[in-house]
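Thanks for coming. Please look at the screen.

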Amino acid sequence: MNYIFFFHIYKYANINNNKIVSCVVDYLNKKTNKRFKKTSVKTKNLINARLNEGFDEEDFYRVINIKSKQWLYTEMEKYLRPETLFSNKFEGYLNEELI
């Protein structure tokens, strides 16, 4: 009985995380005018890792907004990508001031 209960919780969490991944990647693409794939295993793993650390969907939008404002139209623009934004520096980016 417990196995079935936990399977349903896992299935629900996985569906919810996939929705978050999709929305976050869409938002990143819109803000940066790029075409990252929401199906990329690496991108999904990065976002899921941050979600598992307790960050939420709004945190991703804040990081994208902060770094886009700082890096768009500069030599740093090339780093507006999932592997940079959602890596182990995520919390540091999140706590930067939005200018």
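Start with Ser 68, which lies in helix α3. A helix here is a DSSP run of H or I with at least four residues, and helices are numbered from the N terminus. Before going on, the caveats: this is a predicted model, so local features need pLDDT of at least 70 and side-chain atom pairs count only at pLDDT 80 or more, while totals for chains, interfaces and linings use all residues. Residues are numbered from 1 along each chain as its sequence is written, and side-chain values use heavy atoms, with hydrogens and water left out.

Is Ser 68 buried or exposed? Ser 68 counts as buried because its relative accessibility is 3%. Buried means under 20% relative accessible area, exposed means over 50%, and partly exposed is in between, using a 1.4 Å probe and protein chains only. Not counting residues up to four places away in sequence, Ser 68 touches Lys 31, Thr 32 and Leu 80. Contact means heavy atoms within 4.5 Å.

The side chain of Lys 67 meets that of Glu 96 in a salt bridge, at 3.0 Å from N to O. This pair links distant parts of the chain, with Lys 67 in helix α3 and Glu 96 in the segment after α5, 29 residues apart. A salt bridge is a side-chain nitrogen of Lys or Arg within 4 Å of a carboxyl oxygen of Asp or Glu. Lys 67 is buried, with a relative accessible area of 3%, whereas Glu 96 is partly exposed at 23%.

How many salt bridges does a search of the whole structure find? It finds three. One of them joins Lys 38 and Asp 26, again at 3.0 Å from N to O. Lys 38 sits in the loop between α1 and α2 and Asp 26 in helix α1, twelve residues apart, and this pair too links distant parts of the chain. Lys 38 counts as partly exposed, at 33% relative accessibility, and Asp 26 is partly exposed at 38%. Another salt bridge is between Glu 53 and Arg 50, whose closest N and O atoms are 3.0 Å apart. Arg 50 is buried, with a relative accessible area of 8%.

Now helix α2, where we find Thr 43. Thr 43 counts as buried, at 7% relative accessibility. Leaving aside neighbours within four places in sequence, Thr 43 is in contact with Val 25, Lys 37 and Pro 82.

That brings us to Pro 82, in helix α4, residues 82-85. Pro 82 counts as buried because its relative accessibility is 4%. Beyond four places in sequence, its contacts include Leu 28, Phe 36 and Leu 46. Pro 82 and Val 24 are 58 residues apart in sequence, and their C-alpha atoms are 9.7 Å apart in space.

As for Ile 47, leaving aside neighbours within four places in sequence, its contacts are Val 21, Val 24, Val 25, Phe 60 and Phe 86.

Note on methods: Helices (H or I, at least four residues) and strands (E, at least two) are DSSP runs, numbered from the N terminus.
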